[in-house]
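User: I have a structure open and want to know what stands behind the labels used for its side-chain contacts. Please set the values against the definitions.

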Amino acid sequence: MKIFKLWSYIALIAFLGLTFTACDDEDDPLTPGDTNKPVITSLSTNNANVGDTVTINGTDFGTADDNGSVHFGTVQAKGEVGASGSDYVSWTNTKIEVIVPMGAKSGELKVEKTIDGTVYTSEPIMFYVGAVLPAPTNLMARSENESSVALAWDKVEGASKYLVKYGDQEKEISATTEPQMATKITGLDEGTVYEFSVHTISADNNAGPAAKVSWAPAYRFESLDGTNTIKLYEAASSFGSGIDLYNDTDASPKILTVAESDNWNLGLYAKNNEVKFGSASKISFNWGGATPIASLISNVIALENVTLDDLYGSQAMDSQVTYTEELFDLTDATLQGKNILFFVKVPNGDKFNYAKVLVNGKGGFLKGTAPNRYVEVTISYQKAVNVPYAK
């Protein structure tokens, strides 16, 4: 019995020791000299107003006696924990309740503690003071030229301005009352795909979450000489019926005759009461030499009174798109009086160049008088290979 009692006492003392240690660890385990820095695991909210209470969860916050502090951007919460008028409601090693202090602005929220004169700081978490507005909707882009991209999105109610980020650059756009916002981003690198992030800025100067779209600048050709439109002529004409969408020598599109058929990308077939346009490789001419490049076409759509400046997109030209060699009929009654837009994929070795072409249907597709009738086109061409962005 004596042996039993002795071991019972030892077990009891061990149990009580563990119990006291566990309680102490749960509440305030830190002692002066402990070097564990605070870690924030979550916030009850990352957006509140001055005077609201925020709960910070984490580990190693220390005790209320460790000269701990919470920082909202550049403003530090003040007062003694639990004291009247203090910003600190409660403080334990794993949870802090703190009131957003006067003067607090949106910025990085951090917890600090001081042990033996050394300050230990948590990794920051972004915290917003005041209103935060949602990301813009319907963000779209188009290629303005080889160094510029235009963006458009639906306005956000209550926005004071918008912030556009791309690469290491930023641009602020003032909000307007128009239903759609638009801006042009210039000074871009030719053929480079950029991710554009657009944030809504509230009256409290908070940047909300971003809407994003990827796009690249591309060449725009509306004429060959700065004056005359780009024309492809009917078969009876002595002028060319085919086009090389980008000729390296001229650094522009080039109209070609049948004798230059090996460089045709697209062509016009206007004879025998037929008027067709599209992949040159599908035209039934007697080439008498090399056949044209097998350019591929997709997304042929008819549009009312639009130009390339009116056409925005949000997806790459190879996203869920099927390309085929194709000729479309310009005498189709459903196309009359409209412009036709289509995608083009031009083989370049084992790679591809992408383009968007608009055929002018205003006043009829065939313009002029026989035998020199013609169609007019506008071209957005991506010179960089395997970069599926144009227009």
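User: What makes the contact of Lys-155 and Glu-157 a salt bridge?
Analyst: A salt bridge is a side-chain nitrogen of Lys or Arg within 4 Å of a carboxyl oxygen of Asp or Glu. The side chains of Lys-155 and Glu-157 meet at 3.5 Å, N to O, so the pair falls within the 4 Å cut-off. This is a predicted model, in which local features need pLDDT of at least 70 and side-chain atom pairs count only at pLDDT 80 or more, while totals for chains, interfaces and linings use all residues. Residues are numbered from 1 along each chain as its sequence is written, and side-chain values use heavy atoms, with hydrogens and water left out.

User: Why is Glu-157 called exposed?
Analyst: Buried means under 20% relative accessible area, exposed over 50%, and partly exposed in between (1.4 Å probe, protein chains only). Glu-157 has 60% relative accessibility and therefore counts as exposed. Lys-155, at 29%, is partly exposed.

User: How many salt bridges does this rule give?
Analyst: The count comes to 11. Another of these contacts is Glu-172 with Lys-161, where the closest N and O atoms are 3.3 Å apart.

User: Which strands hold Glu-172 and Lys-161?
Analyst: Glu-172 is in strand β14 (residues 169-174) and Lys-161 in strand β13 (residues 161-166), 11 residues apart, and the pair links distant parts of the chain. Strands here are DSSP runs of E, at least two residues, numbered from the N terminus.

User: Is Arg-220 buried or exposed?
Analyst: Arg-220 has a relative accessible area of 16%, so the residue is buried. Arg-220 forms a salt bridge with Glu-222, with the closest N and O atoms 3.4 Å apart.

User: What makes Phe-277 and Phe-342 edge-to-face?
Analyst: Their planes stand at 65 degrees, with ring centres 6.1 Å apart, so the pair is edge-to-face. Both Phe-277 and Phe-342 are buried.

How values were computed:
Helix = DSSP H or I, 4+ residues; strand = E, 2+ residues; numbered from the N terminus. Phe/Tyr/Trp six-rings, centres within 6.5 Å; stacked < 30°, edge-to-face > 60°.
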